[in-house]
Structure formats: C-alpha cells, structure tokens
Amino acid sequence: MRYRTLGNSDLAVSAIALGTWGLGGGSVWSDHDSTEAEARNLLDACRDHGINYIDTAPVYGTGESERLLGEALKGRRHDFVLQTKCSLNWRNEGGNFHYSRDGYTVNNDTRPTAIVRDVEDSLRRMQTDYLDSVIVHYVCKGFPVSDTVEALERLKEQGKIRAYGLSNSRPSDLEDYQANGGHVDLVQEFFSILSPFHGREYFTACKPHGTTFQTYGVLEEGFLTSPAFLDRTFVKTDIRSRIPWVQPEVKAGLRRAFETWEPIRAAHGCSFSQLFEAWALAQYKNMSLLVGMRKPANVADNAACLDLVLSPSELADMEEAARPIQVEVLDK
Ligand SMILES: NC(=O)c1ccc[n+]([C@@H]2O[C@H](COP(=O)([O-])OP(=O)(O)OC[C@H]3O[C@@H](n4cnc5c(N)ncnc54)[C@H](OP(=O)(O)O)[C@@H]3O)[C@@H](O)[C@H]2O)c1
C-alpha cells in the first residue's frame, strides 16, 4: 500500500480508501444487508492490505453504515482514519429538502447548529470521541459559508474533528470556503472513465490549495467491474437502478466498450476493477481512490491495482472506447 498526506493535515491515509455506502444496505443497496461480523471481516481485510482510510456518512443506511463501523472498530479505532459527512440529516429540524425515502425526510442543512449535531450523532453512532475527517456532504447555497466554516474550525479546535472537506461541490465552492477562512483538506467528487469531466475541472482547482482530490464511483457502482454485471437487475429504490448505465441504449454502448477494454485487461492479467482503478490513478497524481467494498475478496483485488501500470496508448484507447457514452454530470 502507498500512503499520502490528506490535504494540509497531518493524517497519513492509504491511497485506496474503503467506501461504505453499500454497508448501509437497506432499500438503496438492496441485494445485501451486512452484519456486524461481516463489517469486522471487512476491516480485517483492510488492515491486512494496508487500507487505513474509511469513508462513511450518516445517511448511508440512515445510520446503519456508521453503526456497523462503530462495532467493527471496537478496540482498533486508532488504527484507522475515519471519515464521515455532515449536512444531510433526518432530524426534521429544517434546512433544504433533499429527498424522502423509507419514511425518512432528509434535509440538507449547513448551519452551525446542524453541523455540530451531525458530528455529535456520528460520534455516538460510531462510539468514538473524534472523527479524523468530516465532509460537507452536499454543499448548498442556502446558508452562509462563513458560518459553516466557523463551525468546522471550532470543531477542529475542540479536537472533535481533525480535517474537513467538501462534496457534491464545484471548484467555485472550494474557492468560497477558502476565501471565508476555511482549510479544505479534501474534495470528494465523482470521477470515472464514464464521467471524467467534473473531476478534471477540479484537479486544477485543488492544486493551489494543497487540497486532496478524492474520487468516488470509479467502478460506477459495479457497472465497470465486468460485462456480466450488466445483466443484473435491481429494484427501483436501489441506486443501481437509477444511474445512466441501465438505459438500454447506454448499456449497449457499455457492452461495446467492454469489447475494446477486454484485450487490454487480458494483456495485463488483471481484473476490470483494477483496470479502471489504474486508469483513474493515472489521471492525477496523488488522487485518493475511494472504492465501495463489502467483500474481503474485493479489498484484496483492489489493493493490487497500485501495481498495474498502463501505457499512454492503453489509457487513450480505454477512454476512446468510453467516449460515446460519457456523461457530464452524475447525481448519486
Ligand atoms: N459524496 C457522495 O455524495 C458520494 C456518492 C457516492 C459514493 N460515495 C462514497 O464513495 C464510495 C464508493 O462509491 P460506490 O460505493 O457508490 O461505488 P463504486 O466504488 O464505484 O462501486 C462499488 C461497487 O463495486 C463493487 N466492487 C468493488 N471492488 C470490486 C472488485 N474488485 N471486484 C468486483 N466488484 C467490486 C462493490 O461490490 P461489493 O460491495 O459487493 O464489495 C460495489 O458493489 C461509497 O461507498 C461512498 O463511501 C460518496
């Protein structure tokens, strides 16, 4: 494993981070509800492969992902860099409506009181007294950035958080936070061979601030893990039934792209997951690669992507095959 410094913080994080949206299960990751034993096994696999960086959020499984992590982290909290999010809550205390699901109304609230409550709720669910990193889950325009920055900086002074970042944001939001006295150590944004434009715009914005760019969705929720995955179907509440790759014409385009990608994969004797992870890592130096994993076998497979080096012509051919179905913006 390789380790990097998160933004301008003093946190040393593995180049690959464990994403735990799927760990929340429920109606959004509907094929499996993980157990405490599975969560422990997942963290065991991360430890064995040097992955020390974990990402979660309160809304993943409406608290379930955080709760399972809290159980799995017992006795080894300090071995991991734990990152969660704030701003999306289901406490019915106002804010901007975000979505309703499973009887919960989730609002987006970046006011100081909400941010502080979010952090307290996450600390309680994960049975810890500090969070290494907290990300504003959906940057929203409704409330003053200066107030949000002040709240995050105070939480840092109090030792409750050690770093913070932004997500579902634009480069202008990063500028705004920095201009208001913020110290944004990372941005977490979607980026994959199927949707690379937003990320590329952000690479240049991150550099002057020393902000880490962290990608999510590099495997497009599984759609880039194998052509066979395209045959799977999901209930309509599942995230994987709501992304562009399920549309018949787009899926047909993705199948054609796999025909180009297959010989490149075979030449390296790697998995498709490793191929797209290596592609992403080649696009930007020191990118933090956040991959969703529920299975220890996937942890082992993904950890090995760091050894895969693709030639410039392979990288170009891979993207050329993706071009007909690339999309500008994704909202997950
Ligand atoms: N800030 C935001 O708004 C936002 C939005 C989306 C995601 N995220 C974060 O980013 C993380 C990653 O995104 P994601 O989980 O949505 O999607 P992803 O990383 O693109 O894909 C995850 C899927 O790929 C499968 N997978 C992973 N490695 C594999 C391998 N080596 N072989 C075969 N299958 C493999 C996983 O299977 P298993 O689960 O069965 O192991 C899972 O179903 C999330 O978990 C979350 O922490 C943040």
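Trainee: How are α8 and α10 oriented to each other?
Mentor: In this predicted model, α8 and α10 are roughly perpendicular to each other, because their packing angle is about 105° and angles of 65 to 115 degrees count as roughly perpendicular.

Trainee: And how far apart are their axes?
Mentor: The axes of helix α8, which covers residues 272-281, and helix α10, which covers residues 312-322, lie 11 Å apart.

Trainee: Which residues make the contact?
Mentor: On the α8 side the contact is made by Leu275, Phe276 and Trp279, while α10 contributes Leu315, Met318 and Glu319. Sorted by class, this contact of α8 with α10 has five nonpolar residues, one charged residue and no polar ones.

Trainee: Switching to the ligand, how many residues surround it?
Mentor: The ligand is surrounded by 29 residues, and the closest of them are Asp55, Gln188, Glu221, Arg294 and Lys295. By class, this shell has nine nonpolar, 13 polar and seven charged residues.

Trainee: Which parts of the fold supply at least two residues each?
Mentor: Strand β13, residues 288-292, and helix α9, residues 296-303, each supply at least two residues of the shell around the ligand.

Trainee: What does Arg294 do there, in terms of distances?
Mentor: An N or O atom in the side chain of Arg294 is 2.7 Å from an oxygen atom of the ligand. A polar backbone atom of Gly292 is 2.8 Å from a ligand oxygen atom, and a nitrogen atom of the ligand is 2.8 Å from a side-chain N or O atom of Asp301.

Trainee: How much of the ligand does the protein cover?
Mentor: The protein covers 94% of the 900 Å² of accessible area that the ligand has on its own.

Conventions
Residues are numbered from 1 along each chain as its sequence is written. This is a predicted model: local features need pLDDT of at least 70, side-chain atom pairs count only at pLDDT 80 or more; totals for chains, interfaces and linings use all residues. Side-chain values use heavy atoms; hydrogens and water are left out. A residue is near a molecule or strand if one of its heavy atoms lies within 4 Å of it. A polar contact is a pair of N or O atoms within 3.5 Å; within protein, one must be able to donate a hydrogen and the other to accept it, and residues adjacent in sequence count only if both atoms are side-chain atoms. Accessible areas come from the Shrake-Rupley method with a 1.4 Å probe; for residues, only the protein chains shown count as cover. Helices (H or I, at least four residues) and strands (E, at least two) are DSSP runs, numbered from the N terminus. Ala, Val, Leu, Ile, Met, Phe, Trp, Tyr, Cys and Pro count as nonpolar, Asp, Glu, Lys and Arg as charged, and the others, Gly among them, as polar. Axes are lines fitted to C-alpha atoms, for helices over the stretch in contact, and angles run from 0 to 180 degrees between N-to-C directions. Angles under 35 degrees count as roughly parallel, over 145 as roughly antiparallel, 65 to 115 as roughly perpendicular and the rest as oblique. Contact means heavy atoms within 4.5 Å.
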